[in-house]
Amino acid sequence: MAPTVAAEAAAAKGQLQHTGKAVGLAAHDASGHLAPLTITRRSTGDDDVAIKILFCGMCHSDLHSIKNEWGNAMYPMVPGHEIAGVVTEVGKNVTRFNPGDRVGVGCMVNSCQSCDGCAEGFENTCGGGIIFTYNSVDRDGTVTYGGYSSSVTVHERFVVRFPDGMPLDRGAPLLCAGITVYSPMKYHGLNKPGKHVGVLGLGGLGHVAVKLAKAAFGMKVTVISTSPGKKQEAMDRLGADAFVVSKDAEEMKAAASTMDGIINTVSANIPLAPFMSLLKPNGKMIMVGLPTKALEIPPFDLIMGNKTLAGSCIGGMRDTQEMLDVAAKHGVTADIELVDADYVNTAMERLAKADVRYRFVIDIGNTLKNADQ
Ligand SMILES: [Zn+2]
Ligand SMILES: [Zn+2]
């Protein structure tokens, strides 16, 4: 299987071990059970920023990954790509950060840094060169470990600054959930007052999309969900203008041809045609959720009305910093449930049942203990 090959390739390079000790919460097999493990981090290189991790959000991708649902798991795996913390040391070439700075790391920790995408600030489109924050083989041959850990060392390019006033715990989830919805809204013109955006699915991604669309972009926002029970919260607390229950034919019909775009955050396998019908002519649906099966869309539902179906993968580093700055300016943060490190397995079980409003964040700094304690 691919994961074994990748792990062996890494091992063959003979550089699997770093010297700096850290503690992580690691999965050892597809059961996904997480337990403390002593790991190593590289010493701070010339371009590196060493970070003491204080908080890490729990993304649904972490759950998919530790259970090997995407078939590419390398164990032991330390998940986590919504990292917030404080700089402890910087390399001699680092210009943007100093010890004590409040910083974050999202889904990527490296890329080729030389392709057209990287040159233009879209490291997220790097052709084959993206090194993800965990479960990736880094350029030095080591396997990356994520933010469910006490520290991390990352190339300066992949570190962002938390604006003053943005809390690290509620800001951490923006590093995946925030940029994942911000970038497609920006590049598909769904960031202007007067436009109407539908947010399909109200979870970790969806609730941030609603907040950004309302508070930062001043748009009309409709939440589309299977759960009528989320209506009051979506409208009263998150500020959505309307709510459509997707199983209600009358409500779907009433909302037909009204939306300029839809941010589709759903990771379940659902037919897309009913939702394409909500788009105005020339409307766009942007996929940011990751269903496991091939998409099903009758060509007729795409072609009539000149509709666009697009995909979007996180965002570049420049846009990630911009997103944090915009979110801070407009007071946008994630709604979180802060949990102790020893609650992580229970939190994963609840995450699997979507029993969280809307992001678990692990209080790493205060509760992650050494592996031998
Ligand atoms: Zn994520
Ligand atoms: Zn590149």
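The legends below describe close-up views of a predicted model. Residues are numbered from 1 along each chain as its sequence is written, while chains are lettered from A and ligands numbered from 1 in the order in which they are written. In this predicted model, local features need pLDDT of at least 70 and side-chain atom pairs count only at pLDDT 80 or more, whereas totals for chains, interfaces and linings use all residues.

**View 1**
The chain is divided into domain 1 (20-175 + 335-362) and domain 2 (177-311), with bounds that come from an automatic or database domain assignment. Taken over C-alpha atoms, the centres of domain 1 and domain 2 are 28 Å apart. Ten residues from domain 1 and eight residues from domain 2 make the contact, where two residues are in contact if their C-beta atoms, placed from the backbone, lie within 7 Å.

**View 1. The open sheet of six strands.**
Helices (H or I, at least four residues) and strands (E, at least two) are DSSP runs, numbered from the N terminus. The strands of this open sheet follow the order E12-E11-E10-E13-E14-E15, with parallel pairing; two strands pair if DSSP finds at least two bridges between them. Strand E12 (242-245) and strand E15 (308-311) are the edge strands, each pairing on one side only. Within the sheet, strand E10 (residues 196-200) pairs with strand E13 (residues 259-264) in the parallel sense over four bridges, and Gly198 stands opposite Ile262 in E13.

Among the buried residues of H5 are Ile179, Val181, Tyr182 and Met185. The buried residues of H5 pack against H6, E13, strand E14 (279-287), H11 and strand E17 (359-363). Just after H5, Gly189 takes a positive phi of about 70 degrees.

**View 2. Helix H11.**
The 13 residues of helix H11 (residues 317-329) should span 18 Å at 1.5 Å a residue, and this agrees with its end C-alpha atoms, which are 18 Å apart; the expected span of a helix is 1.5 Å times one less than its number of residues. The buried residues of H11 include Met317, Met323, Leu324 and Val326, and what covers them includes strand E9 (160-161), helix H5 (177-187) and helix H6 (204-216).

**View 3. Cys118 in helix H3.**
Cys118 has its place in helix H3 (residues 116-119) and is buried, because 21 other C-beta atoms lie within 10 Å. Leaving aside neighbours within four places in sequence, Cys118 is in contact with Ser111, Cys112, Gln113, Glu123 and Cys126.

**View 4. Backbone details in loops.**
Most residues other than glycine have a negative phi, and most peptide bonds are trans. The peptide bond from Tyr75 to Pro76 is cis, with omega near -5 degrees, and Pro76 lies in the loop between helix H2 (60-66) and strand E4 (83-90). Ser257, in the loop between helix H8 (249-254) and E13, has a positive phi near 55 degrees, and Ser257 is exposed, because 11 other C-beta atoms lie within 10 Å.

Definitions and conventions. A residue is buried if 20 or more other C-beta atoms lie within 10 Å of its own, exposed if 12 or fewer, and partly exposed in between; C-beta atoms are placed from the backbone.
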